[in-house]
Amino acid sequence: GGSAGPWASSPAGHMNGVLGALAGAGLSAFAGVYFELILKGDMAVSLWTRNVQLCLFTVPISLATAYGGNASFIQEHGLLGGFDWLVWCVVL
């Protein structure tokens, strides 16, 4: 028999997944409410401009985080390495 590799199922792994999903959902909800608060508070800036401002702030942080932990994998497979049809269904 072969090894299951780094994706082997374990109770700790499942708990980490659940906690990660809950944290992501909570942060997403907070971001949505905060974004709405910003939009309603300052109408001098268009929605498009505000989105670009937020993007310029978050993209460098996201890239640094991704490359910090997975630089060799990203260099070999690209930023979307490991995405399969199921992941694309969830994303879209």
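Modeller: Helices in this account are DSSP runs of at least four residues, numbered from the N terminus. The model under discussion is predicted.

Colleague: How many helices and strands does the protein have?

Modeller: There are three helices and zero strands. Read from the N terminus, the order of elements is α-α-α.

Colleague: What separation is found between the C-alpha atoms of Leu-39 and Arg-50?

Modeller: These two C-alpha atoms are separated by 8.2 Å, and the residues lie eleven apart along the chain. Leu-39 belongs to helix H1.

Colleague: Why is Leu-39 classed as partly exposed?

Modeller: Buried means under 20% relative accessible area and exposed means over 50%, with partly exposed in between. Leu-39 has a relative accessible area of 22%, so Leu-39 is partly exposed.

Colleague: What percentage of the residues of the protein count as buried?

Modeller: Of the 92 residues, 2% count as buried. The accessible surface of the protein comes to about 7700 Å², and carbon and sulfur atoms account for 70% of that area.

Colleague: Which residues make the nonpolar surface patch?

Modeller: The patch, of about 870 Å², is formed by Val-59, Leu-63, Tyr-67, Leu-79, Leu-80, Phe-83, Trp-88, Val-91 and Leu-92.

Colleague: Which helix supplies the largest share of the nonpolar patch?

Modeller: H2 supplies the largest share, three residues. Helix H2 (47-77) and helix H3 (85-91) each contribute at least two residues to the patch.

Colleague: Where is Phe-83 placed, and is Phe-83 buried or partly exposed?

Modeller: Phe-83 sits in the loop between H2 and H3. Its relative accessible area is 36%, so Phe-83 is partly exposed.

Key
Residues numbered from 1 in each chain as written. Predicted model: local features only at pLDDT ≥ 70, side-chain atom pairs only at ≥ 80, totals over all residues. Heavy atoms only, no water. Patch = residues over 30% accessible without salt bridge, like charges linked within 9 Å, V, L, I, M, F, W, Y side chains within 5 Å. Areas by Shrake-Rupley, 256 points an atom, 1.4 Å probe, with all protein chains shown as cover. Salt bridge = Lys/Arg side-chain N within 4 Å of Asp/Glu carboxyl O. Buried < 20%, exposed > 50% of the residue type's maximum accessible area, 1.4 Å probe, protein only.
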